[in-house]
Amino acid sequence: MNPVVAVVFASSMACAAALARDRVLTLAADRREERMLQEFPTIAELLALAVAAGEGAVGSLERVTRLTTGELAAELRRALADARAGASLVGALEAMARRTGVAALSRFVDGMAIAIDRGTPLADVLRAQAVDVREEHRRRLLEIGGRKEIAMLVPVVFLVLPVTVVFALFPGFYDLSLSVP
């Protein structure tokens, strides 16, 4: 085999492998973010219930992370570990929001940080955040449903409708061909 061809082939395969791996990692990150978004309303409601029951921010986070599993719960556990290691709770939560890259989680952390710093009722902020995420998820499902509805029209228009027209017109054309001498 020609050495130049071998080098070009090897380098092109290395580039293809790097691009494929990048695509796989991107898809895995997107799936992880989607799982976090699905878990988020439930965890926010649990946090709101714990805060409304009288626990503080740290206590409610500890209780919820102890009772739940999943990607978001693991990130919250990591943020609590950072807070126990010496970082402020708000700083640890903001670092978690930066790590995840989920916009709804960033808004949640910002609302929680403002509530902790200013002393506003944390339970109301957490409930409002959970409602917002549920509404966003519902909107996204409606958009996906609208796109799927349009995609379902393609087989109807190009397959079912022409067959229906042929079945409707065929007897008439057949009668015409029989009656014409």
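**Close-up views**

**View A. An aromatic pair between phenylalanine 40 and phenylalanine 108****.** Phenylalanine 40 and phenylalanine 108 are both buried (under 20% relative accessible area with a 1.4 Å probe and protein chains only; over 50% is exposed, in between partly exposed). The model is predicted: local features need pLDDT of at least 70, side-chain atom pairs count only at pLDDT 80 or more, and totals for chains, interfaces and linings use all residues. Residues are numbered from 1 along each chain as its sequence is written, and side-chain values use heavy atoms, leaving out hydrogens and water. Rings of Phe, Tyr and Trp (its six-membered ring) pair if their centres lie within 6.5 Å; planes under 30 degrees apart are stacked, over 60 edge-to-face, the rest tilted. The count by this rule is one aromatic pair. Ring centres of phenylalanine 40 and phenylalanine 108 are 4.9 Å apart and their planes stand at 80°, so the pair is edge-to-face. Distant parts of the chain are linked by this pair. Phenylalanine 40 sits in helix α1 (residues 3–52), phenylalanine 108 in helix α5 (residues 103–118), 68 residues apart.

**View B. Helix α3, residues 71–84****.** Helices are DSSP runs (H or I, at least four residues) and strands likewise (E, at least two), numbered from the N terminus. Helix α3 has 14 residues. From first C-alpha to last, α3 reaches 20 Å, close to the expected 20 Å (1.5 Å times one less than its number of residues).

**View C. The buried face of α3****.** Leu72, Ala73, Glu75, Leu76, Ala79 and Leu80 of α3 are buried. Down the axis of α3, the buried residues fall within an arc of 160°, so they line one face of the helix. The arc uses the directions from the helix axis to the C-beta atoms. Packing partners of these buried residues are α1, α2 (57–67), α4 (89–100) and α5.

**View D. The chain around these sites.** Six helices and zero strands make up the count for the chain. The order from the N terminus is α-α-α-α-α-α. The radius of gyration is 28 Å, well over the 16 Å that the globule rule gives for 181 residues, so the chain is more spread out than a compact globule. That radius is taken over C-alpha atoms; the rule is 2.2 Å times the number of residues to the power 0.38. The C-alpha trace spans about 100 × 65 × 25 Å along its principal axes. Of the 181 residues, 25% count as buried. Among contacts (heavy atoms within 4.5 Å) between residues at least 6 apart in sequence, 56% join residues at least 24 apart.
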